[in-house]
Amino acid sequence: MSEEAQQLQSDDAAMKERFERDAMPLLAQLYSAALRLTRNPTDAEDLVQETYLRAYRGFGGFTEGTNLKAWMYRILTNTFINTYRKKQREPQTVLEEEIPEWYLADRLRDSGDSASAEAQVIERMPDEEVKAALEAVPENFRIAVWLADVEGFAYREIADMLEIPIGTVMSRLHRGRRMLQKLLWQKARDRGLVREEPEQRAVSE
Amino acid sequence: VSDEPCEDVLREIEDLVRQGTDPLSVQTVAVHLQTCYPCDRVEFERRLRIILSVKCSRDPVPGRLLSRVRTMLEETPPEPPRTV
């Protein structure tokens with residue numbers, strides 16, 4: 001083997017080691033993320049595997065010291081949008097009705113001293129219910145809410161990841177959050193964790 | 001209505017978040033939130049985001065997924081031939 005070939009081989013080994021050290025610890029986070037996107041465990045596993053494969057193949061192009069998590073999420077999100085979304089053919093049901101700002105705070109405040117204290121109502125809901133509410137938000141809005149509020153990415157980072165203008169990120173996020181709040185409220189009400197809305201009581205009486 | 005100006009309370013909230021729990025500030029903030037609805041709404045949505053991020057990010061990883069990914073890494077050949 002030539003010296004050059006030996007050098008290349010040891011570069012590959014070093015890269016593989018670096019990839020394992022830095023990227024493997026993100027597996028659990030990426031799996032959760034994949035579940036929120038695909039909404040089923042089989043597709044989520046495939047999506048994570050595909051993400052790691054693409055990330056590994058492209059790892060030479062990743063600049064060490066920059067944000068690896070953001071880089072991996074970008075691959076995950078794009079892989080999902082380009083492959084699984086086509087496969088899943090999710091009907092893009094959009095909740096067209098206008099949901100008012102502060103939807104959940106306004107409703108929870110009625111059942112306690114302050115809305116912030118009543119946040120415990122949502123905290124007491126089982127994880128599965130909260131995840132189901134998020135997963136029921138239509139996809140474009142769900143992705144924005146998930147990246148911003150669950151994963152904590154900045155609007156700018158999300159805009160770069162999704163390759164959409166920052167204004168679009170903000171409007172999707174805004175609407176998505178209100179959709180999620182309405183779904184959470186409905187779930188809390190179904191579970192009897194909160195009182196019924198007064199106007200609904202009036203109707204049913 | 002509580003006498004604390006909103007910006008002072010919001011600053012206290014931020015400090016609380018950073019430092020943990022000072023019972024006196026916790027009390028001041030709670031009283032303010034009961035009477036100042038604009039702050040209460042903002043603080044509610046902040047807490048909601050925290051709850052969301054905790055509840056939606058802890059899914060048990062199937063053991064086979066870790067081994068699938070590791071196997072894939074072992075079997076994936078190094079980068080395609082480089083153009084040097």
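## Close-up views of a predicted two-chain model

**View 1. Chain A reads α-α-α-α-α-α-α-α-α-α-α along its sequence.** The model shown is predicted. Chain A has 11 helices and zero strands. Its 205 residues include 49% that count as buried. Contacts can also be sorted by separation along the sequence. Among those in chain A with a separation of 6 or more, 70% join residues 24 or more positions apart. The accessible surface of chain A is about 10000 Å². Carbon and sulfur atoms hold 48% of that surface.

**View 2. Chain A meets chain B through 50 residues of chain A and 37 residues of chain B.** The size of an interface is often given as the accessible area lost when the parts come together. Here, chain A and chain B bury about 4300 Å² between them. Of this buried area, 60% lies on carbon and sulfur atoms.

**View 3. Salt bridges and polar contacts cross between chain A and chain B.** There are 10 salt bridges across the interface. One of them pairs Arg70(B) with Glu20(A). Their closest N and O atoms are 3.9 Å apart. Polar contacts across the interface link 22 residue pairs. Several helices of chain A supply at least two residues each to the side that touches chain B, including helix 1 (3-23), helix 2 (27-38) and helix 10. Helix 3 gives the most to this side, with eight residues.

**View 4. Tyr155(A), Ile166(A) and Met170(A) form a nonpolar patch on the surface.** Together they have about 240 Å² of accessible area. Met170(A) belongs to helix 10, which spans residues 166-190 of chain A. Is Met170(A) buried or partly exposed? Its relative accessible area is 40%, so Met170(A) is partly exposed.

Conventions
Residues are numbered from 1 along each chain as its sequence is written. Chains are lettered from A and ligands numbered from 1 in the order in which they are written. This is a predicted model: local features need pLDDT of at least 70, side-chain atom pairs count only at pLDDT 80 or more; totals for chains, interfaces and linings use all residues. Side-chain values use heavy atoms; hydrogens and water are left out. Patches are made of residues with over 30% relative accessible area and no salt bridge: like charges are joined within 9 Å, nonpolar side chains (Val, Leu, Ile, Met, Phe, Trp, Tyr) within 5 Å. Accessible areas come from the Shrake-Rupley method with a 1.4 Å probe; for residues, only the protein chains shown count as cover. A salt bridge is a side-chain nitrogen of Lys or Arg within 4 Å of a carboxyl oxygen of Asp or Glu. Helices (H or I, at least four residues) and strands (E, at least two) are DSSP runs, numbered from the N terminus. Buried means under 20% relative accessible area, exposed over 50%, partly exposed in between (1.4 Å probe, protein chains only). Contact means heavy atoms within 4.5 Å. Buried area is the accessible area (1.4 Å probe) that two parts lose on being put together, summed over both. A polar contact is a pair of N or O atoms within 3.5 Å; within protein, one must be able to donate a hydrogen and the other to accept it, and residues adjacent in sequence count only if both atoms are side-chain atoms.
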